[in-house]
Amino acid sequence: MKCPFCGDQESKVIDSRHSEDGLSIRRRRECMACQRRFTTYEIVESLPIIVVKKNGSRQPFERNKILNSMIRAFDKRKVNVADLDRITTEIEQTIQNSLEREISTDKIGEMILERLKPLDEVAYIRFASVYRQFQDVNSFMREISKFLEE
């Protein structure tokens, strides 16, 4: 870390503390050259993620869209909202940890389906019907057959 007073690159950390919100770390440093002290803050860098929709348009990633789509799939079904929030967080972290800055709605939909399957069969089929844009009863039947085979 470069000293703001003398510009030297060498410093040592004297004290580290987490911020109240837990999202950053405050560090007190001492310059090895001039012995002056200064404070730095360390935060996790989160790069913006762009979602590419089926029509080719792009928009910023919004975790609430994932959560709301799952809540709709669980309409009148018993579900722990904490489970849906956990799934949403898992998906968001998977996307953030990937090296890609753009992701298609298809990939997001598949991640959701993968996690809904063990949670609730009816919600899985409901979500799949919207995500895969079922046009008729045969589409439903094929998805249900595929689900039962696995």
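1. Asn64 is found in helix α1, where helices are DSSP runs of H or I of at least four residues and strands are runs of E of at least two, numbered from the N terminus. At 47% relative accessibility, Asn64 counts as partly exposed; buried means under 20% relative accessible area, exposed over 50%, and partly exposed in between, with a 1.4 Å probe and protein chains only. Glu90 stands 26 residues from Asn64 along the chain, and the C-alpha atoms of the two are separated by 13 Å.

2. On the basis of the model: this is a predicted model in which local features need pLDDT of at least 70 and side-chain atom pairs count only at pLDDT 80 or more, while totals for chains, interfaces and linings use all residues. Residues are numbered from 1 along each chain as its sequence is written, and side-chain values use heavy atoms, with hydrogens and water left out.

3. On the overall fold, the protein has 5 helices and 6 strands, and from the N terminus on the elements run β-β-β-β-β-α-α-β-α-α-α. The radius of gyration of the protein is 23 Å, whereas a compact globule of 150 residues would have one near 15 Å; the radius is taken over C-alpha atoms, and the globule rule is 2.2 Å times the number of residues to the power 0.38. Along the principal axes, the C-alpha atoms fill a box of roughly 75 × 35 × 25 Å.

4. On burial and surface, 30% of the 150 residues of the protein count as buried. The accessible surface comes to about 10500 Å², and 50% of this surface belongs to carbon and sulfur atoms; such areas come from the Shrake-Rupley method with a 1.4 Å probe, and for residues only the protein chains shown count as cover. Among contacts between residues at least 6 apart in sequence, 39% join residues at least 24 apart, a contact being heavy atoms within 4.5 Å.

5. On charge, the mean positions of the 27 positive and 25 negative charges of the protein are 3 Å apart. Lys and Arg count as positive and Asp and Glu as negative, while His and the chain ends are not counted; the place of a charge is taken as NZ of Lys, CZ of Arg, CG of Asp or CD of Glu.

6. On the core, the largest nonpolar core holds 26 residues, of which Ile95, Ile108 and Ile112 touch the most other members. The elements that give two or more residues to this core are α1, α2, α3 (105-116) and α4 (121-131), and α4 gives the most, with 6 residues. A nonpolar core is here a set of buried Ala, Val, Leu, Ile, Met, Phe, Trp, Tyr and Cys residues joined through side-chain atoms within 4.5 Å. In soluble globular proteins, nonpolar side chains tend to be buried together. Leaving aside neighbours within four places in sequence, Ile112 is in contact with Ile66, Ser69, Met70, Ile91 and Phe127.

7. Ile50 has its place in strand β4 (residues 50-52) and, at 27% relative accessibility, counts as partly exposed. Ile50 and Glu102 are 52 residues apart in sequence, yet their C-alpha atoms are 4.7 Å apart in space. Not counting residues up to four places away in sequence, Ile50 touches Arg58, Gln59, Pro60, Arg101, Glu102 and Ile103.

8. Cys6 and Cys34 are 28 residues apart in sequence and 6.9 Å apart in space, C-alpha to C-alpha; leaving aside neighbours within four places in sequence, Cys6 is in contact with Cys31, Ala33 and Cys34. Ser24, in strand β2, is buried, with a relative accessible area of 15%, and its contacts, again leaving aside neighbours within four places in sequence, are Arg17, His18, Ser19, Glu42 and Ile43.

9. Two backbone angles deserve mention. Most residues other than glycine have a negative phi. Gln35, in the loop between β2 (24-31) and β3 (37-43), has a positive phi of about 60° although it is not a glycine, and Gln35 counts as partly exposed at 47% relative accessibility. Lys76, in the loop between α1 (63-73) and α2 (81-97), has a positive phi of about 65° and is likewise not a glycine; at 80% relative accessibility, Lys76 counts as exposed.
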